[in-house]
Protein chains: 2
Amino acid sequence: MPQVFRLRCSLPTATGDTIQLAHGGGGRMMHSLIERLFLPAFSNSYLEARHDSAVVRIGNDRIAFTTDTYVVSPLFFPGGDIGKLAVYGTVNDLAMAGARPLYLSAGFILEEGLPLETLEAIVRSMREAAGIAGVELVAGDTKVVDRGKGDGVFINTAGIGLVAPEVDISPARVAPGDAILLSGDVGRHGITIMSLREGLGFETPLQSDCASLWPLIAALLEARIEIHCLRDLTRGGLASTLNEIATDAGVGISIDEAAVPKCEAVAAACEILGLDPLYVANEGRFAAFIAPRDASRAIEILKAHETTASIIGTVGNRGPGLVDAKGPFGHSRILDLLSGEQMPRIC
Amino acid sequence: MPQVFRLRCSLPTATGDTIQLAHGGGGRMMHSLIERLFLPAFSNSYLEARHDSAVVRIGNDRIAFTTDTYVVSPLFFPGGDIGKLAVYGTVNDLAMAGARPLYLSAGFILEEGLPLETLEAIVRSMREAAGIAGVELVAGDTKVVDRGKGDGVFINTAGIGLVAPEVDISPARVAPGDAILLSGDVGRHGITIMSLREGLGFETPLQSDCASLWPLIAALLEARIEIHCLRDLTRGGLASTLNEIATDAGVGISIDEAAVPKCEAVAAACEILGLDPLYVANEGRFAAFIAPRDASRAIEILKAHETTASIIGTVGNRGPGLVDAKGPFGHSRILDLLSGEQMPRIC
């Protein structure tokens, strides 16, 4: 999810302030940076739409355009690597605008001393992912920085896709009564990375959920499911995504925490590491805001694509900008944006 | 100029090889990386066109799409900064495909500890440059890496532009007899950066030539100048650019070295630093391959835009892939691709 220009918050910053890791974390500090720096500089109707992709009109076509940079550490992890992430991440941002992903660009920043074999493995993985996602990598660039001024490989991908004429997906369409559908379970990507860093082992090996979401979105669109908004759950996880939508759409959101699936390994690791799974990053999961009458049909369609899906909540008409979660014992808690960062360099 | 996927050369690399600064330098080693790694992985008709932008057809429109990453050091320099460079560089890559630049994305990699004021100054500069270039920045992303894993700020920009129906500009159109037009003089950007690093001072202050080239290209297109190919002279300078075109188009190129303008400060600095000005990077200069009957008219048009221009050579029909330069005393030398790198991190 490209997040430079999303959400308004207000944490004043003072002269002498510096960038912290938390400014990249998907939480309040990142949104403060957006508010203070990027939105005033570049504000335009495309950014104001606060979508995962900008949708621009060229000739008679609506083109989705998006970018994301990948700095994940380590470069390789169970279920993926930085290359696969860089392809699927940008493909998914296009898909979240309802756009068929078509073309990608790739910009590499390589650190002097990087083994060529490492780069080869990453490029192979990108090619495979591009093939699976049905996109062509048509433009690229390589820069090399001196040893100690980078960290192996950073990759930026930008993508363009085509939005079909009948598609109308954006935060502005989210409305009270919308059902909130979650694809799959939460936390696999973030916990996979954190477990690697912390040296945790699990009885059942855990893998990143890193995947192309376009086939699922294409199936929903083809079945004419009335989708109002889509967003993939990356940095900051489900809770941050719902906060963004609640703010952007000016609505309240209520979810049932028990309805949010988590596998055992994720739940256990979250306990050990002191993490809230609702805030853990995913790379192959999305939330869909859909007309309630289409909810059960949408779940059937995703099941036919071997993807579980759950209705986890609804959009309310009170408390715009607020997200609350009903807990297992019936109590509610507010899911706020975290100020900082549970997990740096997760993507 | 995005250079991942340009030119074929063959320097075999062996197991245990690592990335060196020269792999990012625009010379033979970079092209070897392209040949060995990127082209085999991603080869398609867009990359095979070896253009500064991929030109893809969407609906009835031809869309140019390109990317470049900027890692220039230092971040600020006379005449520009990394932000201005990131906007104009990508705008120029679109212009070199004859495309009107429309929209940009920006991906930032910030190093923990970067002063916010520095980022603010860069963002202001990007806004100003985008305004001048007539493009909108519509999508963005920010990542933060730990202290010592980056170098202040790296910026990737990708861009999309629209190619008018009558425009047909690509290396494949370069033909024997084409006049080679050079806009402006060479070496200002590279020498400005190197002088900063080496602490050289000049009597006449030297500035980077960093600028948007689209107004010049638009004027040439509007006047129906028969342009066969365009390329901006970035990493590796004029000589590397001509080598790329000679190889891509399968033609020989002859230039007259005395016809290539250099200001005094650039000439002096090149002597002191032991650099060949023909290989020094520029950020606001281009070479145009045009029908010879349009050469003098093209120069008049550029003059009307307060830009000097010179005919520096012609395309021959012998020695495909070779570039020779006639020197001041009538002798000729081959301008080969440098294997390495005169100046790392110039853009």
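**View 1. Chain A and chain B bury about 7100 Å² between them, with 69% of it on carbon and sulfur atoms.** Buried area here is the accessible area (1.4 Å probe) that two parts lose on being put together, summed over both. Within the share that chain A buries against chain B, A:I19, A:F65 and A:L116 supply 10%, more than any other three residues. This is a predicted model, in which local features need pLDDT of at least 70 and side-chain atom pairs count only at pLDDT 80 or more, while totals for chains, interfaces and linings use all residues. Residues are numbered from 1 along each chain as its sequence is written, chains are lettered from A in the order in which they are written, and side-chain values use heavy atoms, leaving out hydrogens and water.

**View 2. The copies meet through the same surface.** Here 84 residues of chain A are in contact (heavy atoms within 4.5 Å) with 84 residues of chain B. Of the interface residues of chain A, 100% are also interface residues in chain B.

**View 3. Look along the interface for its salt bridges, 10 between chain A and chain B.** Each one places a side-chain nitrogen of Lys or Arg within 4 Å of a carboxyl oxygen of Asp or Glu. One to find is the pairing of B:R345 with A:D146, at 2.9 Å, N to O.

**View 4. A rotation of 180° superposes chain A on chain B, with 0.0 Å of shift along its axis and an RMSD of 0.0 Å.** That is the relation of a two-fold axis. In chain A, the C-alpha nearest the axis belongs to A:G150, 2.2 Å away. The superposition is by least squares on the C-alpha atoms of residues with pLDDT of at least 70 in both copies.
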